Amino acid sequence: MSDQKIFEVLKQFRTEGVLKEVRPYGNGHINQTFLVVNTVGDGVHRYILQKINRNVFRNPDQLMENIICVTDHMKYEIEKNGGDPERETLTLISCRDGKRYYVIEEREYYRMYEFVEDSICLEQAEKPEQFYESALAFGKFQGRMTSFDAGKLHEVIPNFHHTPMRYDALQRAAELDALQRASEVREELSFIESVKDRIFYCQRQLEGGRIPIRVTHNDTKLNNVLMDAVTGKSKCVIDLDTVMPGISVFDFGDSIRFGANAAPEDETDLSKVYLDTTLYEAYREGYLEGCAGRLTVREVELLPHGALTMTFECGMRFLTDYLEGDVYFKTNHAAHNLERARCQFALAKDMLLKWDQMR
Ligand code: ADP
Ligand code: GN1
Ligand code: MG
């Protein structure tokens, strides 16, 4: 995005002070995120500016309607329970025309948030307590959204965690093989074939009515929760783009996939990739505590299945994107999605080895 475009966009928002600095920020795979620093008197006021990814979010008006509903509801719940509604959830900055996001020619969508100060965002837990804290935050998020009518939310990405459909998409991408990459990934494709039944398991549980639909976050990576820089306690769940009706076992599972991996999501030395069972246990404890007894017995039983399914699913999504030419996830180099996929499958294999312990 050109500087001129950024300045034009920033002018539309009701921010405080005078622009001092703006730069790309964070490690999200989807939106373009910038840190905006304004000078106010002797101090500064910081904001997050985001350009919404239109390839991923086909109906950004519905997406923003969701975010407005969710943050308003979160603020209501936080305030009711004596928390700080300005800091414990995201706060959108209004535009000069009163709207809460800015659109250029129905094509480009921008939004701004207050920067959550005195917080840290982790890519990997340095100690189990931090992972436990993130679990508590996602569990509490679940709780705060319980009183929200899920029917009011748009399904911004239909079938987002419909794992069998992700499997089908992978098969189609491999058949089409638009970039002639399929021959490179035969081993990964046959691994997926060999675990097909497990891939379908959670979806069947849902369709069989054995677990409930709830309002879930759906993208519970460790870097989607901010921790207090001083106390280390979790502070604010962010990246609310995919808050939709979903299942708790997948919120649990995606956190494990990302955060209980001993290595980063794109580790290429697969000997470093394994499920850290101490982290798994810390997360399980924090999530159950955060959910405060709301999960059913069957949901609790299915938590390890959620972890395994999300690891397969994310691996399949990375692999599909690799086969389709890296059109969905941001990548840093040509094989990035393939590396990410291989890392997910290595993690899934380790989960299978540790299955009894996970259960
Ligand atoms: P993406 O959908 O691309 O993952 P996110 O909304 O997760 O985008 O934002 C990317 C990163 O920007 C986050 O991981 C976090 O580091 C940072 N970030 C986003 N919103 C805020 C905020 N309000 N305050 C502080 N940091 C933020
Ligand atoms: C994306 O936006 P981000 O980076 O938090 C993706 C998730 C994937 C994740 C894999 C909207 O999350 O579904 O699990 O990458 N978000 C979307 O790291 O597709
Ligand atoms: Mg994110």
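## Loops, a metal site and a helix pair

Reply: Happy to. Gln180 sits in the loop that links helix H4 (163-176) to helix H5 (186-194); helices are DSSP runs of H or I with at least four residues, strands are runs of E with at least two, and both are numbered from the N terminus. Before going on: residues are numbered from 1 along each chain as its sequence is written, while chains are lettered from A and ligands numbered from 1 in the order in which they are written. The model is predicted, with local features needing pLDDT of at least 70, side-chain atom pairs counting only at pLDDT 80 or more, and totals for chains, interfaces and linings using all residues; side-chain values use heavy atoms, without hydrogens and water.

Gln180 is not a glycine, yet its phi is positive, at about 55 degrees. Most residues other than glycine have a negative phi. With 67% relative accessibility, Gln180 is exposed (exposed is over 50% relative accessible area, buried under 20%, partly exposed in between, using a 1.4 Å probe and protein chains only). Glu106 also has a positive phi of about 55 degrees without being a glycine. Its place is the loop between strand S4 (102-104) and strand S5 (108-114), where Glu106 is exposed at a relative accessible area of 69%.

Now for a loop with a buried residue. Asn224, in the loop between strand S7 (214-216) and strand S8 (225-228), has a relative accessible area of 6% and is therefore buried. Leaving aside residues up to four places away in sequence, Asn224 touches Phe138, His217, Asp219, Cys236, Val237, Ile238 and Asp239, a contact being heavy atoms within 4.5 Å.

What coordinates the magnesium ion (ligand 3)? Asn224 (OD1) and Asp239 (OD) do, at 2.2 to 2.3 Å; donors are N, O and S atoms within 2.8 Å of the metal (3.2 Å for Na, K and Ca), and sites may look incomplete because water is not among the atoms. Asp239 belongs to the loop between strand S9 (234-237) and strand S10 (244-246) and Asn224 to the one between S7 and S8, so the pair ties together parts 15 residues apart in sequence. Asp239 is partly exposed, at a relative accessible area of 25%.
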